[in-house]
Amino acid sequence: MFNIAQDGRLLPPVQKAVQSLEPALKQLVQHDGRFFTDGAHPARRLLDELTQRSLAFTAETAPGFSGFMRLVTGAVDHLAANEIKDAGPFDTVLKALQSAWDTQEQKLKAHQEAQQKALLQAEQREMLAEKIAADIRKLPDVGKVPVDILDFAAGPWADVVALAQVMKAPDSPSDDPGGFLALVPVLLWSSQPELTRQEPERLNDSIPGLLAKLRKGLKTINYPATQTSALLQRLVGLHQAAFEKPASAPVVAAVPEPEPAAVVAPEPLVAEESAQSPAAVPEESASAPAEVVAPDPYADFVIGAWVELVTNGRVVRTQLTWASPHGTLFLFTAADASTQSMTRRMRDKLAAEGALRVVPAAKPVVARALDVVTA
């Protein structure tokens, strides 16, 4: 008990609670020596649970620590008030603590699942928006589209399309919810006065639906109202230019309305394949010496790892509880059940600044103390 209480990883209140358990344990070992040899003994498991869970807190002022200590103090007081002749009282206290912790964890799990779903959708949306933007920029004759309109279509509007596809109902038969993807060819065509003045009637018919759908779609991503107004004013100016200047040559015959250029709906997200197949590698590279692979700085950054973050000059310890399939988003859960999400870019930035580090896994407190005694 002396060695456990001296463990520097334990905060002073936890050390004091461990010392308060000594009388009850002294009584126990007079009747049950299995405490020293059986790792599954209720008293051993109680000590393990108390000490290991306490390592989630780095300071007595950490959120959730006071609630944790209330449970620990209640357990210690119960054991101190009973005569100990066997492991029964320890088993009773352990089950009561586990029940309280299980209730907390069930509430936390429901909250985490909701956050994980939101983060997963965010990752899917971002990757889908990038693919949609790339497809838009590959459309024929996009070089004739005003740069700002093309940037809008491959930027905010690609995000609108991606969000609609990610959020659509599983049983939805549409590959283009809201028709936002189909609007892209119309948007690009309508922004080119040299084309639209050839078909003023088509332009006139397209404008109301185009502007209305742009407003509707941009609201789904909370696009700033001022920027929406600026975009619509820009489009109105381009449309007006088509009506004000007559076409360079009269249309001799009625031209059938061209089919709008199709923007291919993105395929389901899959892991990206290597850009270069093995067959494309030059033969001489096979004989080249293998490059030395640098060790992965995040090899220990795995689910379940404890991480120390420096925020506002204070060290906070939290646990990595979820990572998105593509490793671009992470969810952390602190001992007080508070959660925090982080992008991979932010993780790398904080790690480079020394504001994030993985806490090395260490031997449990009780096992280490027993090893010292044995030695």
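**Exercise 1. Sort the residues that line the largest pocket by class, then locate them.**

*Solution.*
Step 1. The lining holds 18 nonpolar, eight polar and eight charged residues. Here Ala, Val, Leu, Ile, Met, Phe, Trp, Tyr, Cys and Pro count as nonpolar, Asp, Glu, Lys and Arg as charged, and the others, Gly among them, as polar.

Step 2. Note the source. This is a predicted model, where local features need pLDDT of at least 70, side-chain atom pairs count only at pLDDT 80 or more, and totals for chains, interfaces and linings use all residues. Residues are numbered from 1 along each chain as its sequence is written, and side-chain values use heavy atoms, without hydrogens and water.

Step 3. Take the volume: about 1000 Å³. Of the 34 lining residues, Gln52, Arg53, Ala56, Trp306 and Gln319 are the closest to the centre of the pocket. A pocket is an open set of points on a 1 Å grid over the protein atoms alone, where a 1.4 Å probe fits, with protein on both sides within 12 Å along at least five of seven lines; lining residues have an atom within 4 Å of a point. Points are joined across faces, edges and corners, and the volume is the space filled by probe spheres set on them.

Step 4. Find the suppliers. α6 (88-137) gives the largest share, six residues. Among the elements that supply at least two are α5 (65-80), β2 and β3. Helices (H or I, at least four residues) and strands (E, at least two) are DSSP runs, numbered from the N terminus.

**Exercise 2. Which residues of α5 are buried, and why do they lie on the same side?**

*Solution.*
Step 1. List them: Phe65, Phe68, Met69, Val72, Ala75, Val76 and Leu79. Buried means under 20% relative accessible area, exposed over 50%, partly exposed in between (1.4 Å probe, protein chains only).

Step 2. These residues cover an arc of only 120 degrees around the axis, so they sit on the same side of α5. The arc is that of the directions from the helix axis to the C-beta atoms.

Step 3. Recall the rule. An α-helix has 3.6 residues a turn, so residues three or four places apart point the same way.

**Exercise 3. Describe the setting of strand β3 (residues 329-334).**

*Solution.*
Step 1. Six of its six residues are buried. Leu329, Leu331 and Thr333 point one way; Phe330, Phe332 and Ala334 point the other way.

Step 2. β3 runs antiparallel to β2 (residues 314-323), joined by five bridges. Two strands pair if DSSP finds at least two bridges between them. Alanine 323 has phenylalanine 330 as its bridge partner.

Step 3. β4 (residues 339-343) also pairs with β3 in the antiparallel sense, over five bridges. There, phenylalanine 332 stands opposite glutamine 340.
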